[in-house]
Number of protein chains: 2
Amino acid sequence: MTQEVSCLVDGRPADAVPVDDRGFQYGDGLFETCRVEDGRVACLTRHLARLSAGCERLGFPQPDLVALRAEIESFVAAMRQGVLKLTLTRGSSARGYGPAGDTRPRRVLCLSPLPDWPSEAQRDGVRLRFCDTRLVINPRLAGIKHLNRLEQVLARREWHDEAIRDGLMCDTRERVIEGTMSNLFLVTGGVLHTPRLDECGVAGVMRSVVIDLAEREGMVLEIGDISRHDVRYADELFVCNSLIGIWPVASIDGMNDYPVGDMTRALQDRLAAGETATHNWYPR
Amino acid sequence: MTQEVSCLVDGRPADAVPVDDRGFQYGDGLFETCRVEDGRVACLTRHLARLSAGCERLGFPQPDLVALRAEIESFVAAMRQGVLKLTLTRGSSARGYGPAGDTRPRRVLCLSPLPDWPSEAQRDGVRLRFCDTRLVINPRLAGIKHLNRLEQVLARREWHDEAIRDGLMCDTRERVIEGTMSNLFLVTGGVLHTPRLDECGVAGVMRSVVIDLAEREGMVLEIGDISRHDVRYADELFVCNSLIGIWPVASIDGMNDYPVGDMTRALQDRLAAGETATHNWYPR
């Protein structure tokens, strides 16, 4: 383990999980990546809600969210700023896909530093690229943040230029779905668009915050299929996740100089005002 | 860890892996499930070849197969009969899909008892079912035995009757691909058929043994698309994997009483004669 990381496994300080944990064996689990600000987890209620939805989908027993929230709040209380990663697996079992008998889910909380992103990213926008790796269509696993993430791993291996902040991924039907670590929004003719995520992709917590902000601002929002053509000719483009908030997109594959538009700025401002989260999640 | 299991992590006795292992974080790894007989791993060369192919596909450095083989041979030497599971992950890294800097793959060897299957399975055949869970089409990951196995986990959760030995899975184009833990062969009009696995599925080591045996026996083999209709009207049907060898299929979903046919018996006999493996893998 790197020195800056500290972890709790089932409530006890530990830096390892049993080899027979089904998260390790089969990716049989879920995770949440959360921003910690001033000893609190931003959007914790939303993270726990998505975790709960994932448990439903994978057939895990529902976690005790009150106890889990209390454990999280205690664990992050002393952290000024950073990242909490919460992993929940189906727990240990004998070898074999079918867990024999009752398994008890295992929870892992890990704190790590916030990545060192340049502050210009928020202001001027970031560079993206299109990935060759495709997201497969799989309604059964779409939306939830499960531990089977080889598609994202392979996509992220496609580039080494750290100045490219994320890669956009299409599904096998050539629809643009999301970044490897972010969700995508675009503005065309005054309408905010974001891809539907019922066939693949991860329904990000920050995406849900942005959708709520947009509705509150009276913006017209459409959730549907988005093509590369739509992306290319968008008036504004941004990506979001729980750690970065909203990053305007400045260019993709070195082309298409997108301006940082009014709707992107308005959403950034509303986000900074912190009215939608369970508390003000966003660094001033 | 259960008592009957013993493990080596990177060559040292251990029953845990670091939380930051990418196998646990993202399913970023590969595995092999091997049969141990009289202190030797059956088909070890084939297992290592598939592992090596998986490393190529995921962009892992190639393992030192000579050293790995030596470690395995030493580890299993005292075991009369059982299962060796070999897991190889991309190793530990900081949070994030892109492993920052060099990661060193981590290998985990675990021994466990052979499941207690009834001996009639070999002789009389087994009952199967069709699963509702679909395999998604993903050529990038097809064939290799990676750690993203939620499809198999969800499929195996569809039934609880232990007398049903495996579930057949179709892909999203309704082609029959494999069992959750086995590969499928069928005989129709004297021709042996098995599904192509270039779009999804796991290319099992025992499948490759059976293919070689069939060729040696002068059987006509076709690797292609197989429909439920093909399965329903097959003359003979069997599933195979490295632990079970060849199981004739007696029925699917309680229907279709398949006989244990001549070609299935011939392949079982050739397998028992042990001429294709690196040594006689099969219990007499």
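## A buried phenylalanine

A residue counts as buried if 20 or more other C-beta atoms lie within 10 Å of its own, as exposed if 12 or fewer do, and as partly exposed in between, with C-beta atoms placed from the backbone. Take B:Phe75: it has 20 C-beta neighbours inside 10 Å, so it counts as buried. This residue lies in helix 3 (residues 65-76) of chain B. Helices here are DSSP runs of H or I with at least four residues, strands are runs of E with at least two, and both are numbered from the N terminus.

What does B:Phe75 touch, leaving aside its neighbours within four places in sequence? It is in contact with B:Leu8 and B:Leu109, where contact asks for C-beta atoms, placed from the backbone, within 7 Å. B:Phe75 and B:Leu109 are 34 residues apart along the chain, and their C-alpha atoms are separated by 8.3 Å.

## About the model

This is a predicted model, where local features need pLDDT of at least 70, side-chain atom pairs count only at pLDDT 80 or more, and totals for chains, interfaces and linings use all residues. Residues are numbered from 1 along each chain as its sequence is written, while chains are lettered from A and ligands numbered from 1 in the order in which they are written.

The same surface serves both, as 100% of the contact residues of chain A recur in chain B.

At the meeting point, 44 residues of chain A are in contact with 44 residues of chain B. Helix 5 of chain A gives the most to its side, with 5 residues. By class, the side of chain A that touches chain B has 22 nonpolar, 13 polar and 9 charged residues. Here Ala, Val, Leu, Ile, Met, Phe, Trp, Tyr, Cys and Pro count as nonpolar, Asp, Glu, Lys and Arg as charged, and the others, Gly among them, as polar.

Strands join in too: strand 3 of chain A and strand 3 (residues 16-18) of chain B pair in the antiparallel sense over 3 bridges. Pairing calls for at least two bridges found by DSSP between the strands. In this pair, A:Val17 stands opposite B:Val17.

## A sheet in chain A

Chain A has an open sheet of 6 strands in the order 2-1-7-6-4-5, with antiparallel pairing. Strand 2 (12-13) and strand 5 (40-41) stand at the edges with a single partner strand each, so one side of each is left without a neighbour in the sheet. Strand 1 (residues 6-9) pairs with strand 7 over 4 bridges, in the antiparallel sense. There, A:Leu8 has A:Leu109 as its bridge partner.

## Helix 6

Helix 6 (residues 205-216) of chain A has 12 residues and reaches 17 Å from its first C-alpha to its last, close to the expected 16 Å. That expected span is 1.5 Å times one less than the number of residues.

Which residues of helix 6 of chain A are buried? They are A:Val205, A:Met206, A:Arg207, A:Val209, A:Val210 and A:Leu213. They pack against several elements of chain A, including helix 2 (44-58) and helix 8 (262-273). Just after the helix, A:Gly218 takes a positive phi of about 75°.

How values were computed:
Contact = placed C-beta atoms within 7 Å.
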